[in-house]
Amino acid sequence: MSKIDEITREKWILETFPEWGTWLNEEIEGEQVPKNQVAMWWLGCTGIWLKTPEDCNITIDLWSGNGKRTHGDNKMKPGHQMANMAGCRMMQPNLRAIPFVLDPFAVKHVDAVLATHYHQDHMDPNFAAHVVKSGMKTVDINGKEIFVPFIGPKKSVEYWLKWGVPADRCITVKPGDKIKIKDIEIIALDSFDRTCLVTTDDTSENREELTGICPTDMDDKAVNYLIKTPGGNIYHSGDSHYSIYFAKHGKDHEIDVAFGAFGENPIGMADKMTSVDILRMAEALRCKIVIPIHHDVWTNFMADTNEINVLYDMKKYRLDYQFHPFIWEVGGKYVYPRDKDKRMYHHRRGFEDCFEHPQNIPFRSML
Ligand SMILES: [Fe+2]
């Protein structure tokens, strides 16, 4: 059979996706986190893998789905959160802009699966299926073997249950709740994701009427997390918008690294934090490092991180900023505090062993 005869669309898909194969899975597995450090990898969107010296591995908002794949009828559901927000009916052109850097089915071990909220780009049925079907286990604080817990606000747990995650593996958290796993402590905090507040269960014509109603269910819909680790305290704000209450979190907790959902809001949208919000959030949280995330994933919300750096440089002396931004790349690793002075990430460039073997070129000065 010729090469062309063997080729099928399915073969192409299996050979090409996920784009990074198991490269990142292997890197994470092989990482020995030094004492008093914490290693993190950006999985895309607000997905973070966190690993500690005691080999505690947690995922926050791991998601391996995508956005639009066809123009379909070019319509948005009348009760979709964006339709609720902006009174629009045209399909949102939110195509996934980044590769899949992790193979969720090749994950061998994780100690907990966390979600900040229940929107589709923050929870993953594929990963849930893999974790449940493989019978993945961890140990509780007494050293007893338990099935890997799924931790999230009430609405996230509802999704996991609907997907078939057993109830005894789900832990519903609300602001103030604390959970210890190995050498980390997870503290659930208030979310400020107001897009969640305009998200209704019924997205059809019969959508729930929100006009004139003051919502009080933020805690059921979304949480932020503070993860206390041997390397420092990591604040994950999910898809929170800017809030003055970041300042309270900054007073209540020591925060080393803070993640914020950054994006260029299309006209009519107030969904992501802008560059100004990211700096204000960092200042209010009194963190040491602020890392914008989420701007990578949607083609219609992509934003320029240079904007954060330019504004930072404009304002840092006048406002006496005690933090700095770190501009990351999807699939990249950040180790805190080891990398605390870095300002920008670049993937490993390779060729470290150049000239350690004989060249094979016509003459030395040729290149
Ligand atoms: Fe999101």
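This is a predicted model: local features need pLDDT of at least 70, side-chain atom pairs count only at pLDDT 80 or more; totals for chains, interfaces and linings use all residues.

Student: How many bridges join β1 to β16, and do they run parallel or antiparallel?

Tutor: Four bridges join β1 to β16, and the two strands run antiparallel.

Student: Thanks! And which residues make up β1 and β2, and how many bridges join them?

Tutor: β1 covers residues 38–44 and β2 covers residues 47–51, and five bridges join this antiparallel pair. Met-40 has Leu-50 as its bridge partner in β2, and Trp-42 is partnered there by Ile-48.

Student: What's in the turn between them?

Tutor: β1 and β2 form a hairpin with two residues between them. Cys-45 sits in that turn and has a positive phi of about 60 degrees.

Student: Is β1 itself buried or exposed?

Tutor: Buried: seven of the seven residues of β1 count as such, so the strand is largely enclosed by the rest of the structure.

Student: What order do the strands take in the sheet that holds β1?

Tutor: The order is β8-β7-β4-β3-β2-β1-β16, an open sheet of seven strands with mixed pairing. The edges are β8 (170–172) and β16 (333–336); each has a single partner strand, so one side of each is left without a neighbour in the sheet. From one strand to the next, the twist averages 20 degrees.

Student: Which strands does α3 pack against?

Tutor: The buried residues of α3 pack against β1 and β2. In this helix, residues 23–30, the buried ones are Leu-24, Asn-25 and Ile-28. Seen down the axis of α3, they fall within an arc of 105 degrees, so they line one face of the helix.

Student: And what lies in the loop between α3 and β1?

Tutor: Lys-35 is in that loop. Lys-35 is exposed, with 9 other C-beta atoms within 10 Å. Leaving out residues up to four places away in sequence, Lys-35 touches Pro-53 and Pro-230.

Student: How far apart are Lys-35 and Gly-231 in space?

Tutor: They are 7.7 Å apart, C-alpha to C-alpha, although 196 residues separate them in sequence.

Student: Switching to α5: which of its residues are buried?

Tutor: In α5, residues 125–133, Phe-127, Ala-128 and Val-131 are buried. They cover an arc of only 100 degrees around the axis, which puts them on the same side of α5. The buried residues of α5 pack against β4 (112–114) and α6 (154–163).

Student: What follows α5?

Tutor: Gly-135 follows α5, and the phi of Gly-135 is positive, near 65 degrees.

Student: Now the sheet with β9. What's the strand order there?

Tutor: That sheet runs β9-β10-β11-β12-β13-β14-β15; it is open, has seven strands and shows mixed pairing. At its edges stand β9 (178–181) and β15 (324–325), each with a single partner strand, so one side of each has no neighbour in the sheet. β9 is joined by four bridges to β10 (residues 184–190), and the two run antiparallel. Within that pair, Lys-178 has Ile-187 as its bridge partner in β10.

Student: Which strands does α10 touch?

Tutor: Helix α10 (residues 275–285) packs on the sheet, touching β12 (232–236), β13 (257–261) and β14 (289–293). The direction of α10 makes about 150 degrees with that of β13.

Student: Which residues touch the most other members of the largest nonpolar core?

Tutor: Val-113, Tyr-225, Ala-258, Met-281 and Cys-287 do, out of 87 residues in that core. Setting aside neighbours within four places in sequence, Ala-258 is in contact with residues including Tyr-235, Met-281, Leu-285 and Val-290. As background, nonpolar side chains in soluble globular proteins tend to be buried together.

Student: Zooming out, how many helices and strands are in the protein chain?

Tutor: It has eleven helices and 16 strands. The radius of gyration is 22 Å, close to the 21 Å that the globule rule gives for 367 residues, so the chain is as compact as a globular protein of that length. Of those 367 residues, 41% count as buried.

Terms used: Residues are numbered from 1 along each chain as its sequence is written. The radius of gyration is taken over C-alpha atoms; the globule rule is 2.2 Å times the number of residues to the power 0.38. A residue is buried if 20 or more other C-beta atoms lie within 10 Å of its own, exposed if 12 or fewer, and partly exposed in between; C-beta atoms are placed from the backbone. Two strands pair if DSSP finds at least two bridges between them. Axes are lines fitted to C-alpha atoms, for helices over the stretch in contact, and angles run from 0 to 180 degrees between N-to-C directions. A nonpolar core is a set of buried Ala, Val, Leu, Ile, Met, Phe, Trp, Tyr and Cys residues joined through C-beta atoms within 7 Å. Two residues are in contact if their C-beta atoms, placed from the backbone, lie within 7 Å. The arc is that of the directions from the helix axis to the C-beta atoms.
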